[in-house]
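You asked for a quick walk through this one before you dig in yourself. Have a look at the model first, then read on.

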Amino acid sequence: DQDSLPAEDMVVRLLEAERSLLAQGKSPAAVGPGFSNAVNGRPFRFQVFSEDGRRCHEVVADARMPLFEVGALISSGSLIRAEVLAAVGLMRDELFIDYVDIEWCHRARAKGYTCHVCAAAALAHQLGERPLRVWAGRWRTLTEHSPLRLYFQARNAIWLIRQPYIATWYRRNQPRFLLGRFYAYGGFSSRRLASLRMLFRGVRDGLRGRMGGPPA
């Protein structure tokens with residue numbers, strides 16, 4: 001992406017990790033870097049799921065977990081073989097901008113592939129526009145997205161949980177995620193009215209199945 005800065009050896013590290021996975025008899029759909037958020041400098045927390053696909057917990061890529069399987073990757077910086085794209089299919093245009101990569105990873109997993117993070121491969125990637133301080137038992141710093149991006153996140157989250165191949169843990173997590181978005185942006189954003197309006201509109205369009213580009 002235009003807002004990503006890879007380390008000089010990122011591609012080499014990803015290729016090494018993929019070769020290792022293939023040598024172990026695994027079927028990697030994609031191998032991604034362990035990246036940090038350029039907005040606040042914090043490492044990204046990846047979701048690792050249980051064997052039954054019903055639960056997940058978050059981990060940070062570091063030396064303790066040099067190469068591990070995750071539920072989904074961010075597409076920026078991810079290494080994907082052409083043969084996997086041919087088997088799984090391309091990413092879906094109708095999602096337009098948010099969760100395109102998440103949907104693809106779940107679709108690949110439903111076809112027997114896995115997604116992995118290589119901690120030695122580094123990428124700085126900008127998530128959101130600026131820090132957003134939110135009270136949730138204590139003050140926490142999130143990254144704030146524009147109202148338009150909130151529309152796509154809400155709409156596409158609703159669409160995703162209605163797809164039969166999406167993992168159970170992800171379906172269960174999304175309603176809580178959306179409620180958190182309404183709380184954080186409705187209570188602490190300087191653009192709260194515009195943010196709430198676009199969140200509600202996204203939920204409505206997701207329920208109606210309206211996909212594609214931004215609303216008029």
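Here are a few numbered points on aromatic residues, the core and one loop.

1. Before anything else, keep in mind that this is a predicted model.

2. Let's start on the outside. Which residues make up the nonpolar patch on the surface? They are Trp135, Trp139 and Tyr183, and together they have about 340 Å² of accessible area. Bring in Phe188 and you have an aromatic cluster too: Trp135, Trp139, Tyr183 and Phe188 form one.

3. Trp135 belongs to both groups, as a member of the surface patch and of the aromatic cluster. You'll find Trp135 in strand S7, which covers residues 130-135. Is Trp135 buried or partly exposed? Its relative accessibility is 38%, so Trp135 counts as partly exposed.

4. How many aromatic pairs are there, going by ring centres within 6.5 Å? The count comes to 9. One of them joins Tyr151 and Phe152: the ring centres are 5.2 Å apart and the planes sit at 75°, so this pair is edge-to-face. Both partners are tucked away, since Tyr151 has 0% relative accessibility and counts as buried, while Phe152 has 1% and counts as buried as well.

5. Trp169 and Tyr170 give another edge-to-face pair, because their planes are at 80°, with ring centres 5.7 Å apart. Here too you are looking at buried residues: Trp169 is at 3% relative accessibility, and Tyr170 is at 3%.

6. Now for the inside. The largest nonpolar core has 54 residues, and those touching the most other members are Phe46, Phe68, Val70, Leu73 and Trp104. Leaving aside neighbours within four places in sequence, Trp104 is in contact with Ala29 and Ala30, with Ile80, Val84, Leu85 and Val88, and with Gly89, Leu90 and Met91.

7. Last, a loop residue worth a click. Where does Ile166 sit? It is in the loop between helix H4 (147-161) and helix H5 (168-188). Setting aside neighbours within four places in sequence, the contacts of Ile166 are His106, Leu160 and Arg171.

Notes
Residues numbered from 1 in each chain as written. Predicted model: local features only at pLDDT ≥ 70, side-chain atom pairs only at ≥ 80, totals over all residues. Heavy atoms only, no water. Patch = residues over 30% accessible without salt bridge, like charges linked within 9 Å, V, L, I, M, F, W, Y side chains within 5 Å. Areas by Shrake-Rupley, 256 points an atom, 1.4 Å probe, with all protein chains shown as cover. Salt bridge = Lys/Arg side-chain N within 4 Å of Asp/Glu carboxyl O. Helix = DSSP H or I, 4+ residues; strand = E, 2+ residues; numbered from the N terminus. Buried < 20%, exposed > 50% of the residue type's maximum accessible area, 1.4 Å probe, protein only. Phe/Tyr/Trp six-rings, centres within 6.5 Å; stacked < 30°, edge-to-face > 60°. Core = buried A, V, L, I, M, F, W, Y, C linked by side-chain atoms within 4.5 Å. Contact = heavy atoms within 4.5 Å.
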